Structures are given as structure tokens and as C-alpha cells.
Amino acid sequence: MKKTSLILLLTFLFSGFCIKAQSSLSLWYDEPANHFEEAIVLGNGKMGATVFGGVQLEKIYLNDATLWSGEPFNPNNNPEAYKYVDKVREALREENYALADSLNRYLQGAYSQSFAPLGTMYIDFDNQEAFSDYKRELDIRNAVSKVSYDVNGVKYQREYFVSHPDKIMAIKLTSSKKRSLNCTIRFESLLKFKATVSDEVLTVNGYAPYHAEPSYRGDMPNAVLFDQERGTRFTSLFKISHKDGKVSSTDSTLVLSNCSEAIIYISIATSFNGFDKDPAKEGVDNQSIAFTQLQNGIEKPYSSLKQSHLTDYKSFFNRVSLNLEGPDHNELPTDDRLLQYDKGNEDKGLEMLYFQYGRYLLISSSRTKDVPANLQGIWNPYIQPPWSSNYTVNINVEENYWLAEIANLSELHQPLLGFIRNVSKTGKVIAKTYYGVNGWTVCQNSDIWALSNPVGDFGGGDPNWANWNMGGVWLATHLWEHYTFSQDSTYLNDFAYELLKGAVTFSLEWMIKNKDGYWITSPCTSPENKYITSTGYHGSTFYGGSADLAMIRELLTSFLKASKVLNINGDLQQRANDVLANILPYKVGAKGNLQEWYFDWEDEDPQHRHQSHLFGLFPGHHISPMETPELANACKTTLEIKGDETTGWSKGWRINLWARLGDGNRAYKMYRELLQYVKPDALHVTQEDHHGGTYPNLLDAHPPFQIDGNFGGAAAVIEMLMQSGEDKIILLPALPDSWVTGSINGICARGGLEILLEWKEMKLTRTIVKAKVSGKTTLVYGSLQKDIMLEAGQQVEVAW
């Protein structure tokens, strides 16, 4: 039994009094990690490191955001697929859903590639089997991790960080007794590699597979394919700087002997040169880049290297603060406090920590041009990771970025926006060859190569997930979202507008009219869900899906607003107006739910994790309790039917949906459930433990690990406290009873505004609005409204 478990009960009995919580914002543990889901993740937005903190053996998984299997794909991979569209539509007109499902498989292409593990760095320490006073921690205020322990009266300490300015990882080793550091550094990888040592630098050069099958395809031959002439190259360099003692080597290891203090530098680079460049033939010089990074890093004093890292990181992290009055149990190891919280104990410090941890993860994983955070951010140890650790476009990659604008991390949205431009290029070919229309789209899955076709290996995938084709429509709404926060008309004109226009063109040409003259999509699917027809058929392919039409409504509305901002009015704008006015209206089913299917069919799984047809409520903006109360109530009924137990990312989405409905207590209930403890070792989880929640290292459990739930849950905290439209900001719209007193500062509202809120005893006591650009808005608090107009840089305190 861990020593801390003996005092848990007394701790919670005697420290439950309320305080003005000032969380230390750190994760800490009194044991080394045994599993990935217990380890500490670090990153600079490109290089990822997963630190286990072992004593005798330290293990660090290394990743690079640009190291994937594969190579540029051919979007013209199924040039006559579009010829089956009319055949599917004809089957649907005849209500032959089984035939429609069968024919829809002809509208499938290749699977995505996988985010790859670069390798594992091992540090073998001599004579440290018996240790005491162990602690490992991550301070998310600084993005610095530490490990400390005693061996035979000697205090050993390690400090780890990954620097964005210097593009290098540094590990500082110290001991309280001189010349007592003795260790060996080595490297292993699931990829092809060769390790050599020269001039006291361990150099690793290798390459990723040119193809990796998704793990969910099961045990199949040639699932991972390597070729020395193909695939992305990588270089990893390891160098030890030391005060005393010496560094020696073997042919593949570095050996540190009799040292008092040392710094290990790690530099990594890949040959990735863009989604459309062959990384083996047209790649950048990964060896030269890695060497330059290493040389620049080791020339700086460690203190300067660390200070540059801190200055850079804090410039993002310090923008937002959250305080909730109540218990803060950071005196407990994070895994223990998570277990206690799961049992119902109060811990406002943990709730604050989880929110800020989401911001930490986004800063750490999303700073690479055109390469957004994937399903696992930038942390993956598997050569065939769950769901390929790819970009799943039917919710997951978008959920990764719900936090970016509202949590004052707008710059970190840029990797996704650049990625949208990439997929628009391949997606233009897919729109024409798969669907026979102009514009662009992307479907269920994508990857660093901007794959945009519907997946399924040319007919092998179930249409309920393989054939969904609204990814471009959903992604395009992020383009307008970024403008609503930034108010940057240059960005809108020079970058976003043509991409919006292309997604709109696809939507308008893809839709057809039903027998009543309404615009619908046909064929369509509703992400990963299935219906049961009145005759008992369980199917996926249908027409007039609410999810499709919700996303198209949101896109057309955004496009028309963008056109107005840029003073553009022509045939496309007129067509968009006409279609928007005549899209098939939402329908309320017999149970009072928002109907997902064209007909009022039953769901195969009424508690299904996806709720894509509620898009208009969140993340969209055209359903709300104020403006569309009947539809909002139907959304509420839908959520009641689905219940609260679901996957981690889906819980994150539902918390936001409940916040938009103004039900803070239900949102908070699900926020607590998102922090439900999930045992580590995700790939060997038992059915009993197979539920969404949070791992000991606070990463989201689908299970297994997916990072989207972290981002969705953190975004929901802000949605509970502030919601904004383009001309209105609602203050404390879903404040839960549990958050009696608190404050939040630095969050962003649409219109280019920053907000500070303080409340006491459930009443708003202070509001400060700061304008990044000139404009006006309406503040709403309960039944009160106030119109304000501000100049750029102006700050105003509003009294209620």
C-alpha cells in the first residue's frame, strides 16, 4: 500500500474547509510511472516527450509532430467513383436502404496513414535500486518537469523541459554528493534506424514506414511496410555536457561516469517538407537541422536556455487565470486526488488544474505550421496507434481547437487553419472524382499528407463511418470562427475567404431538392451512428440528415457574413441565400427529441457517443434557448435520452452542449464525470473499466487515450462562465451551484474582446472588458443588458 493512502481519509475530513483556492497547478506523484497513462508529457508544439521518471531506468518516449508513416497520396485514386452517386440516390428514392448501403461502398478510397513513434531514450543509472523520498512532478505554469529521490543519503534530482525557441530538449542531472552520477544513454525504436557515436554525440538516423495499416483492421500481413528509399527520415542527437567526471562511449551508447552535474541535450528533426513533397526525395535535410539545433542549444548556458523557454511558454500560459473558492488537495499525489475526486470528494484545485492542463497541452502540441494536434496530440508510443492517431474529422480534430480562441491561444489555431488549406487542395480532386461536383471537401479521416477521400479501402469499410463527407464543411467553420475573434479582415480576405467559398461551392452543388422542394444531402450518413427503419433494417446510408444540414446551415451563414464584411455580392452569395432559406427544416420526433434521421426512426444505439445533429447548438450558433427555444428543448431531450455515460471526448462535447442550454449543474455533473478515474494500461483495459474519463496523468480516456476530451472539457469551463456571439456576450450563463465564488480573467469573446469576471455567492460582482480592436457589443447578465462601445486598447469596468 502506498504510504499516502493511509492518510487520505483524514486529509479529506480535516481539510474540507473552503479557501480562496490558488492552485499550485502541478501534477505530482510519489512513484515512477509504469504505463504511458501515468507518465508526464512535455512538448514544444513539435517535439513531444513522455517522461516515466524511473530511478534505475529512465524511459522517455520521443515524438515529432511531422513524423508519420506514408508519403504524399494520389487524390485521383478512384476517378470514376462519382458514377455511383446517382445509383445510390436512385436506391434511396426507392427506399431500398440495404442497396444504398451496398452501393455506397463504391464511394470509398484508401485509409489514412499513422502518426509514428520516433523512438525511446533510455537512461540506465548505476546502483540506484534502493531509493526513498521519491517525487516526480510537472509544473504547468512553467512546463518544467522534475524528479527527485534519495539513494544511500545522496539526493538526486532531474529537471526536464522542451524548448520552443531553441527547438531542443534539456535534462539536467544533479546530485548532492560530488561525482556520484553514473549512467548510460541508449536509444531504441520501432522504426528502422542506425545509432552511431562520434565526438561524444549519439547520432540516430532512421526512417518511418511508407505505409501502416490502421490497427483496427486487425492482424493482417504486411501491415507495416518499410523501404530504405521511401518514407520520412528522422535524426535524433544526444549530447552530454558535464562539469566533472567523464563521458565515454560504445558504438551506440554514451556513458557518463563520476559526475556531479550534467545536462543532456536532445535534438530531433525529420525530412518532412510539406504534404505534397516526397520526404525521401524532396525532404528537408533532417541531419543538418538536428545538428544546427544541437549546436545552438549547447552553446547557451543552461540558465539562458531555460529562461528562453520560460519566457516563451509563459507568454501564452499566463494570459488566463481561473480561481474557484473551495478545497485544493494538491498535498495528495495527483493519481490519489483523482481517485478521491471520483469518489465524490470536493477538490476545486483539481477542477482548476484540469482546465489549465488543457491549455498546457494545446501550447505543448500545436505550434507546427500546417500540422495540427492529432488524436493523441504529439504523444504516441505505438507504430499502429489507436485509430492511427490521425486527424479524425467527424469531431475529434475540431474538438482539439474549441479551446484555442476562447482561452486566449488564438495563435495555436493556426496549424489547423493551415491544414485546412492543404486538404482543400487534395479535397478539390475528391469533390470532382467522388461526388461529381466543384469545390472541395474532406471526409472521415485525414493525415499529415492531407488525405481527403472517404476511407474504407475501396469498399471494405462500413458506410456508417467510412463514407461521411462533411469534414470540409465542418472544418471551414473554423475559418470564420478565427475571424470573429481576431476581426482580422486581411486574414479573411487573403486566406480564409477562398477556402470558405470552396466549401460552400461543394455544399451547394452536392445538395438536391426533395419531393417537397427542400434542399437536402443525398446520400448521407450520420457520423458512426445507425438507424432502424420501420421495417427493421439497420442501416447507415440515407438522405436529408440533420447533422449534414446543420453544418451546411452554419457554413452558409458564416460565408454570407464574410461576404458582407468584404463587400462581395454575386451569384454565389445569392445562391447561398436562396438555399439557406429553403434547407429542410429541423424536425422534432415523437419523443420530443431533435430528429437525427429524415424519418422518425429509432437509433440502433440510443446512447450513441456521437451527437452530430446537435451541431447547431454547439459548436454552431443557430440553435439557442433564447432564439430557438423549441429546438433547444428538443436538443435537451436528445441529451436526456442519450444519458451521461459515454466516451471521454463525447463527455467533453456534452458538457459544452449542456452549458449552451444554460444548465450549469448538469454541465458540472458531467465535468466531474469527465474526471472519473480510469486505470492505466489502456490497451489491456477490462470491460469493467472501459469507460470514458481521465487517466492518472490527467490525459483523456476514450478509452484508450485521445486528447480531444482534454480540450473539450477545458473549453466547457469557459462556456459555463461566458458565451459570446458576434454582437452579444452572455456572462455566467451556466454557473453551477458548486462554483459559488470565483473569478476568471483573460478569456476571449467574439468581437476581439478580453473578459474578466468575478462572482461571489453566485452573483456577478465585477466585469472588465478589454478591446483588442474597436467595436461594440451587448453584455447580458440574467435579465440585464448593457451596450458598450470600445476603442482598440480600451478597457472598461461595467457595473451591474
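Predicted model: local features only at pLDDT ≥ 70, side-chain atom pairs only at ≥ 80, totals over all residues.
1. Length of helix 7. Helix 7 runs over residues 348-365 and has 18 residues. At 1.5 Å a residue, a helix of 18 residues should span 26 Å. The C-alpha atoms at the ends of helix 7 are 26 Å apart, which agrees with that expectation.

2. How many of the 18 residues of helix 7 are buried? The count is 18 of the 18, so helix 7 is largely enclosed by the rest of the structure.

3. Packing geometry. Two packed helices are described by the angle between their axes and the distance between the axes. For helix 7 and helix 19 (residues 708-721), the angle is about 125° and the axes are 8 Å apart. Angles from 65 to 115 degrees count as roughly perpendicular and those over 145 as roughly antiparallel; the two helices are therefore oblique to each other. Their crossing is left-handed.

4. Residues at the contact. On the helix 7 side, the contact is made by Y354, F355, Y357, G358, L361, L362 and S365. They meet G709, N710, F711, G713, A714, V717 and I718 of helix 19. By type, the residues of this contact are 9 nonpolar and 5 polar, with no charged ones.

5. Residue D312. D312 lies in helix 5, which covers residues 302-317. Is D312 buried or exposed? Its relative accessible area is 17%, and buried means under 20%, so D312 is buried. Apart from neighbours within four places in sequence, D312 is in contact with H164, P165 and R367.

Terms used
Residues numbered from 1 in each chain as written. Heavy atoms only, no water. Helix = DSSP H or I, 4+ residues; strand = E, 2+ residues; numbered from the N terminus. Expected span 1.5 Å × (residues − 1). Buried < 20%, exposed > 50% of the residue type's maximum accessible area, 1.4 Å probe, protein only. Contact = heavy atoms within 4.5 Å. Axes fitted to C-alpha atoms, helices over the stretch in contact; angles between N-to-C directions. Parallel < 35°, antiparallel > 145°, perpendicular 65-115°, else oblique. Left-handed = near helix turned anticlockwise from the far one by under 90°. Nonpolar A, V, L, I, M, F, W, Y, C, P; charged D, E, K, R; others polar.
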